[in-house]
Amino acid sequence: MRKYQLKLYITGKTTRSEQAVSNLKNLCKSKFNDEYELLIIDVLDSPELAEQDQVLATPTLIKILPLPVRRIIGDLTDTQKVLLGLEIKV
């Protein structure tokens with residue numbers, strides 16, 4: 001099992017969604033090496049998953065593991081704020 005499990009909820013192929021995906025992939029590659037699992041979920045394709053995770057806005061990043069579960073909303077531009085918000089120390 002990977003050390004970090006992350007879900008990123010986006011809405012379609014918007015500039016904001018694509019920016020969040022790019023920012024998160026860069027962060028994962030630079031900080032987590034291969035110790036992460038990333039699931040990108042488009043709420044237009046899977047609204048039931050968004051409802052299940054109580055996602056009200058996109059982009060929303062959810063850190064599943066390691067516990068505790070944490071959420072960040074936004075395009076994930078500021079790497080330090082993302083890491084701090086998710087309580088990830090690398």
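Predicted model: local features only at pLDDT ≥ 70, side-chain atom pairs only at ≥ 80, totals over all residues.
Student: What elements does the protein have, and in what order do they run from the N terminus?

Tutor: There are 3 helices and 4 strands. From the N terminus on, they run β-α-β-α-β-β-α.

Student: What makes the protein as compact as a globular protein of that length?

Tutor: Set its radius of gyration against the globule rule. The radius is 12 Å, and the rule gives 12 Å for 90 residues. Along its principal axes, the C-alpha trace spans about 35 × 25 × 20 Å.

Student: How many of the residues count as buried?

Tutor: Of the 90 residues, 39% do. Buried means under 20% relative accessible area.

Student: Why is Gln5 called buried?

Tutor: Its relative accessibility is 16%. The cut-off is under 20%. Gln5 therefore counts as buried. Its place is in strand 1.

Student: Which residues is Gln5 in contact with, leaving aside its neighbours within four places in sequence?

Tutor: They are Glu37, Ile62, Lys63, Ile64 and Leu65.

Student: Where does Val43 lie, and why is Val43 called buried?

Tutor: Val43 lies in the loop between strand 2 and helix 2 (47-52). Its relative accessible area is 16%. Buried means under 20%, so Val43 is buried. Leaving aside neighbours within four places in sequence, Val43 is in contact with Tyr9, Ile10, Thr11, Ala50 and Thr58.

Student: How far apart are Val43 and Val69?

Tutor: They are 26 residues apart in sequence. In space they are 20 Å apart, C-alpha to C-alpha.

Student: How do you know what span to expect for helix 1?

Tutor: Helix 1 (residues 15-31) has 17 residues. The expected span is 1.5 Å times one less than the number of residues. That gives 24 Å, and helix 1 reaches 24 Å from its first C-alpha to its last. The span is close to the expected value.

Student: Which residues of helix 1 are buried, and what do they pack against?

Tutor: The buried ones are Ser17, Ala20, Val21, Asn23, Leu24, Leu27 and Cys28. They pack against strand 1 (4-10), strand 2 (36-42), strand 3 (60-65) and helix 3 (79-85). An α-helix has 3.6 residues a turn, so residues three or four places apart point the same way.

Student: What follows helix 1?

Tutor: Asn33 follows helix 1, and its phi is positive, near 55 degrees.

Terms used:
Residues numbered from 1 in each chain as written. Heavy atoms only, no water. Helix = DSSP H or I, 4+ residues; strand = E, 2+ residues; numbered from the N terminus. Rg over C-alpha atoms; globule rule 2.2 N^0.38 Å. Buried < 20%, exposed > 50% of the residue type's maximum accessible area, 1.4 Å probe, protein only. Contact = heavy atoms within 4.5 Å.
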